[in-house]
Amino acid sequence: MFGDVGALVAIVVSVAIGAIYLLPSLVAFNRGVERRWMILAINVFLGGSIIFWLIALYLATRKVKTAEQPPEQAPAAQPAA
């Protein structure tokens, strides 16, 4: 009954390692980062090097630039009739 526990543990550990390896890409897609496909490419092809994995993680977690919108002005008060 418990003879296949070793295989189950191997599967769980493999999935966990894969999730950690792809963490920058998962974060980028979850946050909707503009260059998420570039982050995925860096992560998949160069992520084996801890330096490029950290670069991909940085790119995925940095603050997203948004277009600045002028502050909305309150509507002018109408004179009482």
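**Basis.** I am working from a predicted model, in which local features need pLDDT of at least 70 and side-chain atom pairs count only at pLDDT 80 or more, while totals for chains, interfaces and linings use all residues. I number residues from 1 along each chain as its sequence is written, and side-chain values use heavy atoms, with hydrogens and water left out.

**Elements.** I looked up the secondary structure and found four helices and zero strands, taking both as DSSP runs numbered from the N terminus (helices H or I, at least four residues; strands E, at least two).

**Burial and core.** Of the 81 residues in the protein, 15% are buried, meaning under 20% relative accessible area with a 1.4 Å probe, protein chains only. I then looked up the largest nonpolar core, which has seven residues: Ala28, Val33, Ile39, Ile42, Ala56, Leu59 and Ala60. Such a core is a set of buried Ala, Val, Leu, Ile, Met, Phe, Trp, Tyr and Cys residues joined through side-chain atoms within 4.5 Å. Helices α3 (36-46) and α4 (50-61) each supply at least two residues of this core, and α4 gives the most, with three.

**Helix contact.** I looked up α2 (residues 23-31) against α3, and their axes come within 9 Å and cross at roughly 175°, which makes α2 roughly antiparallel to α3 (angles over 145 degrees count as such; axes are lines fitted to C-alpha atoms, for helices over the stretch in contact, and angles run from 0 to 180 degrees between N-to-C directions).

Key:
Buried < 20%, exposed > 50% of the residue type's maximum accessible area, 1.4 Å probe, protein only. Parallel < 35°, antiparallel > 145°, perpendicular 65-115°, else oblique.
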